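Work through the exercises below with the model open. Each has a task and then a solution in steps.

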Amino acid sequence: MTSSTATAAGTTAAPKTKYRGVTARILRRAWGQTEMKVAASIFLALTLLTLFGPYIIDASATKMSVANKFLPPIFMEGGKLPHFLGTDQLGRDLLLRSLIGLRNAFAIGVVSVVGMFILGCAIGIYSGYRGGLTDVILMRLTDVQMSIPVVILAITVLGMSRPSPLTIIAVLILASWPVYARVARGVTLAERQKEYVRAAKILGASDLRIMVRHIAPSILPPIAFVAVLDVARMMIFEAIFGFIGIGIQPPTPTFGTIIASGTQYLLNAWWITIVPGVLLALALGSLNLMGGVLERARNHILQGGE
Amino acid sequence: MSKSLATHMSPASNSHAAMAPVMEVRGLSVVVNTAAGERNILTDIDLTVAPRSVLGIIGESGSGKTVLSRAMVNWLKPPLAITKGSVRYDGRDLLTLPAATMAGLRGREIAYIGANPTSALDPTVPVGHQILEKLRAVAPELTPQAARQRVIDTLDAVRIPSPKQRFDEYPFQFSGGMMQRAMIVDALVSNPKLLIADNITQPLDVTVAAQILRLLRDLQKDFDTSIVFVSSSLGIVSEIADDMIVLDRGHIVERQSVRGLLATPEHAYTKELIAKVPMIWASAETPPVPSSGDIVLDVRDVGKTYRVRDRKAIFAERQVRAVRGVSFTVRRGENFGIIGESGCGKSTLSRLLSCLEQPDAGQIQFEGRDIATLKGRDLLGLRRRFQLLLQDPYNAIAAHASIGRTIAEPLLIHGLGSRREIEHKVKDVMAEVGLAPALYNQLPIGLSAGQRQRVNIARALVLEPELLILDETLSSLDQVEQAKLLDLFETLQVKRGITYVYISHDLAMVRRVCARIAVMYLGRIVELADNDTMYWRSAHPYTRALLSAVPTVEAKPYRTATYLLEGEPPDPIDIPPGCSFRTRCPFAFDRCATDDPSQTIYADGNASACHLPLNSLPAPELAH
Amino acid sequence: MAFAIEFFLRRISQGVVIVILVAFVIFTLLRIVPGDPIRIILGPMASAAALEEKATELGLRDPIYVQFGRFMGQVTTGDFGRSFIRGAQGGSAGGSQDAAGYNPESRASVSGLIANALPYSLQLAALGIAFAFLVAIPIGLGAGLRAGKWPDRLGLYVSSLFVSLPNIWVGVVLIFLLSAKTGWLPAIGYQGFAYTIIPAMVLAIELSPVMIRAISVSVAANLGEVYFDVGLVRGLSRRTMVAKHVLRNAAVPLLNLFGAQMIGMLLGGLFVVEYIFSYPGIGMLTINAVFQRDFPIIQAVAILASAALVAINMLVDFASTTIDRRLKF
C-alpha cells in the first residue's frame, strides 16, 4: 500500500518479514493440511515396514512350503504366525512377498518418473523456447509418441523381448515422457514472454544459459510436485505388466504376479489376491493423497494465495 | 470538518436540494481481517450522491477507494467486512437488505463499472450477446427483438462504429477503449439511477480516456443517471465531477466543488495531491537542451512487419505493420524521448533497438556499426555498452535467485572478473543505486516496485553501458519514487556520460527529462522536435491532441475541445491509404486521403509529417 | 467457414504424417525384435530351406522400407494383410500344420478380425465412459463449485482412492464380490450385454479420478475469473453465470483432456480389462497376438489406435477453437 507519507521502503531498510520462495510456500501450505500428515505417516510406516520387515519376520518370500500353503491371514480362523497376511498356493509368506513387490515397484516408479521428468522437461523447455519449426517437429513427435497407447507399446516391447527392471523402466520412460514435454513446453511458452527472459537476453545470456539457469529453475518445481502422482501411476503399470506376464519375471515377487496367481484360487483362498492388493492400494493411496494435496497447494499458491 | 463542507451540505446552497439524494452513506467503516488481526480500510465514511450529479472520489492507491465503491453496491467479500454504518438507497439500507433483494438491485438500479474492461466479460461469448443476456435478465418484459435493438442502439449511442457488426464480435476483438464503452452500454442499458465508475479510465490511453470522459458526461445528461466517479487522477476527476471527495487512507479529508477544491484546497493532503500532479507547462524547470556530441545511435528508415493467420480465408496471412520507416539519431550525453499511445509501435521499436529482433527494412547503427550484422562475440560486446531497462519491475527479475546473484549475472555472462571482483563490483553498484548491502543475499520477494527497479538498474549499470534505453521503465512507479530514480539517472549521466533513450507514454515525465522527442503514431514518427517546440508550438495535430488530452490541473496551450480525436487508431493490419492519422484528425482535408505526407524538416531541425503548413493550425492559447 | 476448411486441411495432412510415422515405428520395431516372422508362420517343424524359400516368396527378405511401402500400399485399400496364425474359419491355426503348403488365403484377414472385435470394445468403452461420467460429473462439479468446502474434500478423497486402485486388482475383486461370491453378474467371456457391466465398472474407476480432478480444477478456476465476479455485479444470477458461462469456459480444458489423456487411458484400460475378463474385444485380440507374435494384427491395431487418437484430437481441438475464438490452431 503506497500513500503520501509511506514511500517505498527506503534505501537502507531491508524488508522486515522473512519471505520464502514459491517452493517453500507450497510445501508449507501442503504440510498444513491434515490429509498430508495422514498420508505421509502411512507412507513412512510402509517404508519402514518394507526396509525392516524382511529382517524381523521369520519367514521366506520365495521358499516353498507345502505344509503351510493356503494359510489365511492371522485375523482369520486358521491363520498362524509368522504369516501375518497368510501364505499363497506354494506356502510362501504373502506379507514378505508383498513388501518385496512394493519395494521393487516403488524403485521402478521413482527411477522411471525421474527419467521421464528429465527427458520430457528438457525436450519441452527446448521446444517451447525455440519455437518455430523445432517446436512443430518436437510437438508432432510427442503426438506420435502419445498416440501409441502405453500398454500397446509395453506389451509389444516387453512381450517380445526379455523383461527386466531396466527394460521396464525404459518402456515407461519412453511411453510417458511426452506428457512432461507437453507441460514443460506450455509453461515455457508463457515463461518466454516474461520480462526476465528478455532481460537476460539483453544482458547477453546465451539461449542455453537462459533455458538452464533462468527458465528451468522457475518452472520445474511446480511440475515436480505433480510427478509424485506419476510414481503411483508407474507402480500400477508395473503391476499390470506383472499381471500380464511381461513384468519382472518369477521367482522375484511382484504385485502383478501375486494377484494373477491368486485368481485361480479366488473362491477358496481369496486373500492371496485381495490382501496384497490392499497393501498396494494403501501405498498408492498415500502417494496419491500426498500428490493431490501438493497439487492443490501448488494451484493455491500460484493463484496468489498464502 | 470544513467550511465548504457545511455550505455544500446545507439545503440553501444546493440546487438539487428539492430532490431527495440518490444515495446516502453514513458512518461506513470497513476492515480487512488478516492473520495479524483487523486492519481499518475505511473509517466513518459519510457521503451523499445528489440526483443528476457526478460525485468524484479521488484517492491514491491504497486509499480504499475501490473498497468504498464496492461497498456502495454491497459487494464486499471476505476478508473485507463492513463493521458499521449504512448505505441508504431509495429509503432502504442496502447493507441490511436480503441477499436476493440486493442482487435484484445490482445491475438494474445501481450499476457498477470497474477498471478492468478487457477481462470483465466471458471471453468465449460475443460482447453484444452478453449485454443482451443482461438486459433480458433485468428487463424480462422486453421482446427478444426489442431487447436486441435496444442493445444495438445503445452501442451506437456510445459511438461504437458499426454496432450491428460489433454486436457479434468477441471481447478479444475489442480494444480497451471499445471494451470500456461496451461496459458503459452494459451499465446504462437498464437505465440505472446510479452508476458507480471505479477508475474506469485507468487502463486507457489519454486520448481515449478523454473521449470516454466526454461520452460519460453526455450520457449522464441523456440517461438522467447519477454517477460516482472514482479515480486516482486528479486531472481526470476534475474534468467530469461536480463535487469532489478526497479520500486518504480510509478517511474522507475534504469535500468541495471541483472548482473550489482546485482553487482553494483546505486540507494539507489535498494540497499535497494537487502539488503532486506534474506540471507540464507551468513548471519552473527548464527542459534539457539537445546535445552536440557525436552520434551514438543512428536509426535509419527501420521497418518491421509481423504476419498473422487470417481466419476468414484459406491459407491466408495478414500483415501487421508494426513499425514503418522510422528514422532518428541520438547524440552522446543526450536524453531522447519516444512517445506514443498503445499500439503505436514503440514496444516493437524497443525490441528492434535491443537487438532481440531484426528489422525487415532499414538499419540501426550503434557508434557507426549496423547492429543487425553483429554476431557472437561482437554482439556480446555490443550488449555490454548498450542496455535496455524494461517496464515491469516484478517480472524482470527471476524470483528464485538472490539479489546479489541477479545483479552479478551479467558479469558472469560476460566473464568479467573473479568471484571476489564480481562481488565487489556488485556491492559498489548496489550502493550507487541505493540498495542496502544487506539485500545482497536476499531473494527479491517482498521488495517494493521501486527497489526492484533499482535491482534492475543495478544489473544494467554493472556492465557500465554507454547507452541506456528505458522502455516505460518508470511508468509503474509512483511519482515520488519516479522522481528519485530520475535524479539517479541524472547523477549517473553526469558521472558516466550515459546517453538515455526514454520510451514512454508519460508526457509529463518526458517533458521533464528529454531534450528531443519523437511522437509515434501507427508505427511511424509523425513529429520529431526539441522539447520546447514540441510542448508549446507543436506542428502536428496528433501531438496537439495528445497534449490536449493529458489530465492536468493547469492551463494548456491546446484546448481539449479543439483537438478531441474521433474513434480509435486503425488496426495496423488495415492502415488507411494516405495519411494514417486522417481517420481521426480534426483538420483532415481531401489531400490527406490520397497522399501520405513525408517528413518535412523545418529550419530549426525539427520535423513533422503533415500536409498542413506550419502555422495553419490554431494558434496555441497559451504563450510561452 | 474458411477457418474450418483450413483447419481440417492442415490437421488432416499433419495427422496422416503422424499416423504414417507411427506405422513405420511399429512396423520397424516388430521386425527388429527377436523372432523371425516366417518361423512363426510355418511353425517350428519347417526346414531351413523351406523357410527361406517361403520368406523370399512372401517378400519378407526385402529391405524394411520396401516391405513398409508395400504394406502401406495395401493399407490404403483397407487391407491390413492376413494373420500369421489365425485360420480363416476362426480358431488358431497354430502355425505348425502346413509347413510345406502354406497358403496365405487360409489365414483370417486382419481387417475382418478387427471388424469382429471392434463392436465389443466400443460397447465396453461407451458403457465405461457413461459410468465414469455418472460418478465424475456430480462429484467434480460439486468440488469445483464449492472449493474449500466438503464437496471439494470429497472430490479429493474419491479421486485419490480411485486412482490408487490398480485396475487388475479391482477387476479381480469385483469378479470375486459381484460374480463368484454373489452370482449377481456374469464376468468372464461374453455371452450377452450383462458381461459388459463389471468390466465397464473397472474402466470407470480408472477413468473417473482424472475427470473429477479436471472438472473441479477448471470449474474452480473459472469461478475465480474476473468475468464471473463482474457478471454478478452486472445483475446476472450466480446460476446463470455458472450454467451459461463457467461451464462453457471450463469445457475448453476438459475437451483437451479428453483428447490428449482420456482416449489414451481408455485404450490402455480396454486392453487390460479385456485381458482380465477374457472379453472378446480388440484388446484381447492384440494381447493374444503379442503372445503368438502375430505381427499383422499388432501393427494394424497400433495404426488404427493412433489414427483414432489423431482424429479425436483433431475434433477436440476444433471444438475448443470454436468455443474459444482466441485459441490459435
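**Exercise 1. Find the hand of the crossing of α2(A) and α3(A), then describe their packing.**

Step 1. The crossing of α2(A) and α3(A) is left-handed. Left-handed means that the near helix is turned anticlockwise from the far one by less than a right angle; clockwise would be right-handed. Helices here are DSSP runs of H or I with at least four residues, strands are runs of E with at least two, and both are numbered from the N terminus.

A note before going on. This is a predicted model: local features need pLDDT of at least 70, side-chain atom pairs count only at pLDDT 80 or more, and totals for chains, interfaces and linings use all residues. Residues are numbered from 1 along each chain as its sequence is written, while chains are lettered from A and ligands numbered from 1 in the order in which they are written.

Step 2. α2 spans residues 34–56 of chain A and α3 residues 94–130 of chain A; they pack at about 120 degrees, with axes 9 Å apart. Axes are lines fitted to C-alpha atoms, for helices over the stretch in contact, and angles run from 0 to 180 degrees between N-to-C directions.

Step 3. α2(A) and α3(A) are therefore oblique to each other. The classes are: under 35 degrees roughly parallel, over 145 roughly antiparallel, 65 to 115 roughly perpendicular, and the rest oblique.

Step 4. On α2(A), the contact uses L46(A), L49(A), T50(A), G53(A) and P54(A); on α3(A), it uses L96(A), L99(A), L102(A) and R103(A). Contact means C-beta atoms, placed from the backbone, within 7 Å.

Step 5. By class, this contact of α2(A) with α3(A) has six nonpolar, two polar and one charged residues. Ala, Val, Leu, Ile, Met, Phe, Trp, Tyr, Cys and Pro count as nonpolar, Asp, Glu, Lys and Arg as charged, and the others, Gly among them, as polar.

**Exercise 2. Describe how α5(C) meets α11(C).**

Step 1. The axes of α5 (residues 110–145) of chain C and α11(C) come within 7 Å and cross at roughly 130 degrees. That makes α5(C) oblique to α11(C).

Step 2. L113(C), I114(C), A117(C), L118(C) and S121(C) face I282(C), G283(C) and L285(C) across this contact.

**Exercise 3. Which elements of chain C supply the side that touches chain A?**

Step 1. Count the contact: 43 residues of chain C touch 39 of chain A.

Step 2. At least two residues each come from α1 (2–32), α6 (150–163), α7 (167–181), α10 (238–277), α11 (282–291) and α12 (295–323) of chain C.

Step 3. Sort the chain C side by class: 32 nonpolar, 10 polar and one charged.

Technical notes: Contact = placed C-beta atoms within 7 Å.
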